[in-house]
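Subject: Structure handover

Hello,

Here is the structure for you to take over. The sequence and coordinates come first, and my notes follow below them.

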Amino acid sequence: MRILILCTGNSCRSQMAHGFLKSFDPTLEVYLAGTKASGMLNPGAVEVMKEAGVDISGHTSDSVDKYIGQTWDYVITVCGGANESCPTFTGKVKHRLHIGFDDPSDAAGSPEFIHSEYIRVRDEIKARFHELYVTKLKDHE
């Protein structure tokens, strides 16, 4: 099963979703990309994922252009910007889903509040992607 997770910057939400999907099932072929890839990982995302027992520190932030023309079982956008500017994978995507989340890097306030926003979004991503895994991906090859 080939899955592509898209976000605008490919530094935070898509990275967390990828980390969780691979933690649920290491045999899934999960890739991630950005419509405007930042080229780096968000340190807050790396930190809260480590706290959840998932290491994403070795991930890269790649452009979606790398994956155009390939065949996918699922293309999943995790932010509104990527959903609006998602390239057309005409005839090469079995299922296209949008599962949107707030961007924790937009949080403002005390360091504690900002950290709590990363945790909130991380936990939402884990819950929604676990539901997706159980209902659509697990044993549905």
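In this predicted model, V75 stands opposite R96 in β4. The residue pair belongs to the parallel pairing of β3 (residues 72-77) with β4, which is made by five bridges.

The sheet as a whole is open and has four strands, ordered β2-β1-β3-β4, with parallel pairing. Its edges are β2 (29-34) and β4 (93-98); each has a single partner strand, so one side of each has no neighbour in the sheet. On average, neighbouring strands are turned by 20 degrees against each other, direction ignored.

Two of the helices that pack on this sheet are as follows. Helix α1 (residues 13-24) touches β1 (2-7) and β2, and its direction makes about 155 degrees with that of β1. Helix α4 (residues 111-137) touches β1, β3 and β4, and its direction makes about 155 degrees with that of β3.

I looked at α1 in more detail. The helix has 12 residues and spans 17 Å from its first C-alpha to its last, close to the 16 Å expected at 1.5 Å a residue. How many of the 12 residues of α1 are buried? The count is 10, so the helix is mostly covered, taking buried as under 20% relative accessible area. Among the buried residues are R13, M16, H18, L21 and F24. The cover over the buried part of α1 includes β1, β2, α2 (43-51) and α4.

Where does the charged end of R2 sit? It is placed over the ring of W72, at 4.1 Å from the ring centre.

That is what I have so far.

Regards

Technical notes. Residues are numbered from 1 along each chain as its sequence is written. This is a predicted model: local features need pLDDT of at least 70, side-chain atom pairs count only at pLDDT 80 or more; totals for chains, interfaces and linings use all residues. Side-chain values use heavy atoms; hydrogens and water are left out. Two strands pair if DSSP finds at least two bridges between them. Axes are lines fitted to C-alpha atoms, for helices over the stretch in contact, and angles run from 0 to 180 degrees between N-to-C directions. Contact means heavy atoms within 4.5 Å. A charge sits over a ring if NZ of Lys or CZ of Arg is within 6 Å of the ring centre and within 35 degrees of the ring normal. The expected span of a helix is 1.5 Å times one less than its number of residues. Buried means under 20% relative accessible area, exposed over 50%, partly exposed in between (1.4 Å probe, protein chains only).
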